[in-house]
Amino acid sequence: MGVFIFTDVYTSTIPPKRLSKALIVDSQNLIPKLMPQAINNIDIIQGDGGTGSSQLRSMKNRVDELNEETFTYNYTMIDLTEKFESIGYEVKFEPTPDGKSKNKMTSTYYTKGNFKLEEEDIGPEKRTLGMYEVVEAYLLQNPHACA
């Protein structure tokens, strides 16, 4: 098994509390509404959406930690293809002195056997960052949403 770690950092004009609420806490309602061509629904198949919950839509995520006070969210993508055992994600939204946010996502890929990770295998990060941009635009246009 191989382990590969990638980190993306981006900034947003949206404060961490609103961004975290939109992207994590209320994602099962907001994301399908904003991106119906990519995600038609998010189903919680176990738990209440917090730690220990699972979501299913051609991929299965297990929520390992959801902390609404520190704006941290850790989850693991499970039941994957023959290439991966799992992919762990650590997401943190941090406030900046000017009221915006600095956001960090670390992805840890656990591969099966001697599989060597290639650039095209790390697509979920690109889709996730694209989703962040869509949500950020929505929040800018709707200042009372997820307040």
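**Figure 1. The salt bridge between D64 and R62 in the predicted model.** D64 is partly exposed, having a relative accessible area of 32%, and R62, with which D64 forms a salt bridge, is likewise partly exposed at a relative accessible area of 34%. The closest N and O atoms of this pair lie 2.7 Å apart in the model, which is a predicted one. Side chains of opposite charge can pair when their charged atoms come close.

**Figure 2. The salt bridge between D98 and K100.** Here the side chains of D98 and K100 meet at 3.9 Å, taken from N to O, a distance that falls within the 4 Å cut-off used for a salt bridge. D98 counts as exposed, with a relative accessibility of 52%, whereas K100, with a relative accessibility of 34%, counts as partly exposed. By the rule applied, the count of salt bridges comes to 2.

Figure 3. What E136 does have is a polar contact of 2.6 Å that joins its side chain to the side chain of S12. When neighbours within four places in sequence are left aside, the residues in contact with E136 are S12, T13 and I14.

**Figure 4. The largest nonpolar core and its most connected members.** The largest nonpolar core holds 30 residues, and those that touch the most other members are L23, F93, Y132, V135 and L139. Two or more residues of this core come from each of the helices α1 (16-25), α2 (27-34) and α3, and from each of the strands β5 (72-78), β6 (84-95) and β7 (101-111). For F93, the contacts that remain once neighbours within four places in sequence are left aside include P16, L19, S20, L23 and I24, and also among them are Y10, T70, F71, K102, N103 and Y132.

**Figure 5. Helix α1 within the rest of the structure.** Of the 10 residues of α1, 7 are buried, so the helix is largely enclosed by the rest of the structure. The buried residues of α1 are P16, R18, L19, S20, A22, L23 and I24; among these, P16, L19, S20, L23 and I24 are also in contact with F93.

Figure 6. S86 has its place in strand β6 and, with a relative accessibility of 14%, counts as buried. Apart from residues up to four places away in sequence, S86 touches T76, M77 and L80, as well as T108, Y109 and Y110.

**Figure 7. Overview of the protein chain.** The secondary structure of the chain comes to 3 helices and 7 strands, which follow one another along the sequence in the pattern β-α-α-β-β-β-β-β-β-α. Among contacts between residues at least 6 apart in sequence, 49% join residues at least 24 apart.

Methods: Residues are numbered from 1 along each chain as its sequence is written. This is a predicted model: local features need pLDDT of at least 70, side-chain atom pairs count only at pLDDT 80 or more; totals for chains, interfaces and linings use all residues. Side-chain values use heavy atoms; hydrogens and water are left out. A polar contact is a pair of N or O atoms within 3.5 Å; within protein, one must be able to donate a hydrogen and the other to accept it, and residues adjacent in sequence count only if both atoms are side-chain atoms. Contact means heavy atoms within 4.5 Å. Helices (H or I, at least four residues) and strands (E, at least two) are DSSP runs, numbered from the N terminus. Buried means under 20% relative accessible area, exposed over 50%, partly exposed in between (1.4 Å probe, protein chains only). A nonpolar core is a set of buried Ala, Val, Leu, Ile, Met, Phe, Trp, Tyr and Cys residues joined through side-chain atoms within 4.5 Å.
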